[in-house]
Amino acid sequence: MSDTQRRAGRRTRIALVAALVAGIACLVVGFDEVLSPTGSTWLAVLMFVLAASAGWRVTIYLRLLRRSR
């Protein structure tokens with residue numbers, strides 16, 4: 001494996017972890033908004049949409065990691 005491929009794999013793993021953290025954070029904020037008596041429905045919907053987007057990024061990064069091996 002070349003140095004360039006190793007670096008690309010490392011960047012993909014870092015991006016995967018960042019997408020996972022972002023998705024989990026969006027889910028937590030979304031559920032907090034839903035369960036809060038003064039929560040904003042629009043903010044909750046936005047957080048769930050962002051969490052879904054992070055989920056798509058996670059699947060793309062996982063496919064890239066599988067392909068590189």
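**Entry 1: a pair in a helix.** I started with Asp3 and Arg6, which both lie in helix H1 (residues 3-35). They are 3 residues apart, about one turn of the helix. Helices here are DSSP runs (H or I, at least four residues), numbered from the N terminus.

**Entry 2: ground rules.** I noted that this is a predicted model, where local features need pLDDT of at least 70 and side-chain atom pairs count only at pLDDT 80 or more, while totals for chains, interfaces and linings use all residues. Residues are numbered from 1 along each chain as its sequence is written, and side-chain values use heavy atoms, with hydrogens and water left out.

**Entry 3: salt bridges.** Side chains of opposite charge can pair when their charged atoms come close. I used one rule: a salt bridge is a side-chain nitrogen of Lys or Arg within 4 Å of a carboxyl oxygen of Asp or Glu. How many salt bridges does this rule give? The count comes to 2.

In one of them, Asp3 pairs with Arg6, and the closest N and O atoms are 3.8 Å apart. Asp3 also forms a salt bridge with Arg7, at 2.6 Å from N to O. Asp3 and Arg7 are both in helix H1, 4 residues apart, again about one turn of the helix.

Entry 4: Asp3 has 40% relative accessibility, so I wrote down partly exposed. Arg6 is partly exposed too, because its value is 46%. Arg7 has 49%, so Arg7 is also partly exposed.

**Entry 5: Glu33.** Next I looked up Glu33, which is in helix H1. Glu33 is buried, yet has no salt bridge. Where is the nearest side chain of opposite charge? It belongs to Arg57, 19 Å away. For charge, Lys and Arg count as positive and Asp and Glu as negative; His and the chain ends are not counted.

What does the side chain of Glu33 reach? It reaches the backbone nitrogen of Ser40, at 2.7 Å. I then listed contacts (heavy atoms within 4.5 Å). Leaving out residues up to four places away in sequence, Glu33 touches Gly39, Ser40, Leu43 and Ala44.

**Entry 6: Thr12.** My last stop was Thr12, also in helix H1. Thr12 counts as buried because its relative accessibility is 15%. Setting aside neighbours within four places in sequence, Thr12 is in contact with Tyr61, Leu64 and Leu65.

Terms used
Helices (H or I, at least four residues) and strands (E, at least two) are DSSP runs, numbered from the N terminus. Buried means under 20% relative accessible area, exposed over 50%, partly exposed in between (1.4 Å probe, protein chains only). A polar contact is a pair of N or O atoms within 3.5 Å; within protein, one must be able to donate a hydrogen and the other to accept it, and residues adjacent in sequence count only if both atoms are side-chain atoms.
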